[in-house]
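This report describes the fold and the side-chain packing of one protein chain. Please keep the sequence and the model in view while reading.

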Amino acid sequence: MNSIDFTPLYRSSIGFDRLASLLDNALTTDNVSAGYPPYNIEVVDDNRYSISLALAGFEESDLDIKVEKNVLTVRGEKADSSEHRYLHQGIANRSFERKFNLADYVEITDAVLKNGLLTISLVKEIPEAMKPRNIAINQAGSGVLEHQQGGSKEVNTKVA
């Protein structure tokens, strides 16, 4: 199955059009290198998150972190070192690219590489205009608009 029909969702929901493209991308993404590098996504509290990637042998200069159109991309490219001869090489030393889809209003606050672990801190900051608010219901006044058959007489009263 390559696509999902979201028509029933669109009948009763507004603003979820990005959901279809996210799921479609998840179903069609090539999972050849999905296991490298290993990572954790942690919920720190209600609006704070943390992504940790295990990057043994990588230095800050080998890494590139970018955010574009709500997609966080972490790339790593290790320079070839032909000075070593291995009998066994179990520590991955290959290039990688890992992408994470971010929700609206999720911003990256910090990225730290320490002890072979890259930790990216994220926070979801919803603007004041987007936060829930109460809407007052106005009482209808006794204003009447009349239309008379032989003329165009209007009676206007102030509506609260």
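Are both Tyr36 and Phe96 buried or exposed? Both Tyr36 and Phe96 are buried, where buried means under 20% relative accessible area, exposed over 50% and partly exposed in between, with a 1.4 Å probe and protein chains only.

## Basis of the description

The model is predicted, so local features need pLDDT of at least 70 and side-chain atom pairs count only at pLDDT 80 or more, while totals for chains, interfaces and linings use all residues. Residues are numbered from 1 along each chain as its sequence is written, and side-chain values use heavy atoms, with hydrogens and water left out.

## Overall architecture

The protein has two helices and seven strands, and along the sequence they follow the pattern α-α-β-β-β-β-β-β-β. Helices (H or I, at least four residues) and strands (E, at least two) are DSSP runs, numbered from the N terminus.

Of the 160 residues in the protein, 17% are buried. Among contacts with a separation of 6 or more, 46% are between residues 24 or more positions apart; a contact means heavy atoms within 4.5 Å.

## Strand pairing

β3, β4 and β5 form an open sheet in the order β3-β4-β5, with antiparallel pairing; two strands pair if DSSP finds at least two bridges between them. β3 (63–68) and β5 stand at the edges with a single partner strand each, so one side of each has no neighbour in the sheet. Neighbouring strands of this sheet are turned by 15° against each other on average, direction ignored; the strand axes are lines fitted to C-alpha atoms, for helices over the stretch in contact, and angles run from 0 to 180 degrees between N-to-C directions.

Six bridges join β3 to β4 in the antiparallel sense, and Asp64 has Arg75 in β4 as its bridge partner. The two strands form a hairpin with two residues between them, and Lys69 in the turn has a positive phi of about 55°. β4 and β5 also pair in the antiparallel sense, over six bridges. Elsewhere, β1 and β2 are paired in the antiparallel sense over six bridges, and a hairpin joins them through two residues. Asp45 has Arg48 in β2 as its bridge partner.

## The nonpolar core

A nonpolar core is a set of buried Ala, Val, Leu, Ile, Met, Phe, Trp, Tyr and Cys residues joined through side-chain atoms within 4.5 Å. In soluble globular proteins, nonpolar side chains tend to be buried together. The largest such core here has 15 residues, of which Ile51, Leu55, Leu72, Phe96, Leu118 and Ile120 touch the most other members. At least two core residues come from each of β2 (48–54), β4 (71–76), β5 (96–101) and β7 (117–124), and β7 gives the most, with three.

Leu72 stands opposite Phe100 in β5. Leaving aside neighbours within four places in sequence, the contacts of Leu72 include Ile51, Ile65, Val67, Phe100, Leu102, Ile108 and Ile120. Thr73, in strand β4, is buried, because its relative accessible area is 8%.

## Aromatic pairs

Rings of Phe, Tyr and Trp (its six-membered ring) pair if their centres lie within 6.5 Å; planes under 30 degrees apart count as stacked, over 60 as edge-to-face and the rest as tilted. The count by this rule is three aromatic pairs. The ring centres of Tyr36 and Phe96 are 5.9 Å apart and their planes stand at 85°, so this pair is edge-to-face. The pair links distant parts of the chain, 60 residues apart: Tyr36 lies in the loop between α2 (17–28) and β1 (39–45), and Phe96 in strand β5. Tyr36, Phe58 and Phe96 form one aromatic cluster.

Tyr39 and Phe100 form an edge-to-face pair, at 5.2 Å centre to centre and 85° between the planes. Tyr39 in strand β1 and Phe100 in strand β5 are 61 residues apart. Tyr39 is partly exposed, because its relative accessible area is 35%, whereas Phe100 counts as buried at 7% relative accessibility.

## The loop residue Lys78

Lys78 is found in the loop between β4 and β5. A polar atom of the Lys78 side chain lies 2.3 Å from the backbone oxygen of Gly57. Beyond neighbours within four places in sequence, Lys78 is in contact with Gly57, Phe58, Asp62, Asn93 and Ser95.

Definitions and conventions. A polar contact is a pair of N or O atoms within 3.5 Å; within protein, one must be able to donate a hydrogen and the other to accept it, and residues adjacent in sequence count only if both atoms are side-chain atoms.
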